[in-house]
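Please read this briefing alongside the sequence and the model.

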Amino acid sequence: ERIKRGKILAQLKAFNSDVIFLQETHLKVHDQVRLRANWIGQTFHSSYTSKSRGTSIIIRKGIPFKQKNTLTDKDGRYLIVTGEIHATPITLVNIYAPNFDNPHFFKKSSIQSQDIITKM
């Protein structure tokens, strides 16, 4: 697992992306520190109680993102982070949807997304 995570972080660094959205992170709350590296500035996570599901948002070091609000799903299915970059409001949404038809999930996540955006 450590070797695999190292390879993934190296590949993500090579992409040179400013913001990275990950799904199926399979990280418990106490394992989230494993997504740290010298090129990563900020990380946000939504975890589940077991080693399944999970979403993360990684922001590269040097990106002047100022976080305001974070909404996480207790089931590790979505993560919504609001903030600003150079005084411009931004909302980051990372959704790991169930692999079966679940209208309730989409309705719930849509309502919560709209709710947090309204509060900005």
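Leaving aside neighbours within four places in sequence, Ser46 is in contact (heavy atoms within 4.5 Å) with Gly54, Thr55, Thr72, Asp73, Gly76, Arg77, Tyr78 and Leu79. This is a predicted model, in which local features need pLDDT of at least 70 and side-chain atom pairs count only at pLDDT 80 or more, while totals for chains, interfaces and linings use all residues. Residues are numbered from 1 along each chain as its sequence is written, and side-chain values use heavy atoms, with hydrogens and water left out.

**Ser46**

- Ser46 belongs to strand S2, which covers residues 40–46; strands here are DSSP runs of E with at least two residues, numbered from the N terminus.
- Ser46 counts as buried because its relative accessibility is 0%, where buried means under 20% relative accessible area, exposed over 50% and partly exposed in between, with a 1.4 Å probe and protein chains only.
- From its side chain, Ser46 reaches the backbone oxygen of Tyr78 at a distance of 3.1 Å.

**The sheet that holds S2**

- An open sheet is formed by 3 strands in the order S1-S3-S2, with antiparallel pairing; two strands pair if DSSP finds at least two bridges between them.
- Strands S1 (19–23) and S2 stand at the edges and have a single partner strand each, so one side of each is left without a neighbour in the sheet.
- From one strand to the next, the twist averages 15 degrees, an angle that runs from 0 to 180 degrees between the N-to-C directions of lines fitted to C-alpha atoms.
- The antiparallel pairing of S1 with strand S3 (residues 55–60) runs over 5 bridges, and Phe21 has Ile57 in S3 as its bridge partner.

**Salt bridges**

- The count comes to 2 salt bridges, each being a side-chain nitrogen of Lys or Arg within 4 Å of a carboxyl oxygen of Asp or Glu.
- One of them joins the side chains of Lys68 and Glu84, at 3.3 Å from N to O. This pair links distant parts of the chain, since Lys68 lies in strand S4 (residues 65–72) and Glu84 in strand S5 (residues 78–85), 16 residues apart.
- Lys68 is partly exposed, with a relative accessible area of 43%, and Glu84 is also partly exposed, with a value of 23%.
- Lys74 forms a salt bridge with Asp75, where the closest N and O atoms are 3.6 Å apart.
- Lys74 is exposed, its relative accessible area being 63%, whereas Asp75 is partly exposed at 24%.

Terms used. Helices (H or I, at least four residues) and strands (E, at least two) are DSSP runs, numbered from the N terminus. A polar contact is a pair of N or O atoms within 3.5 Å; within protein, one must be able to donate a hydrogen and the other to accept it, and residues adjacent in sequence count only if both atoms are side-chain atoms.
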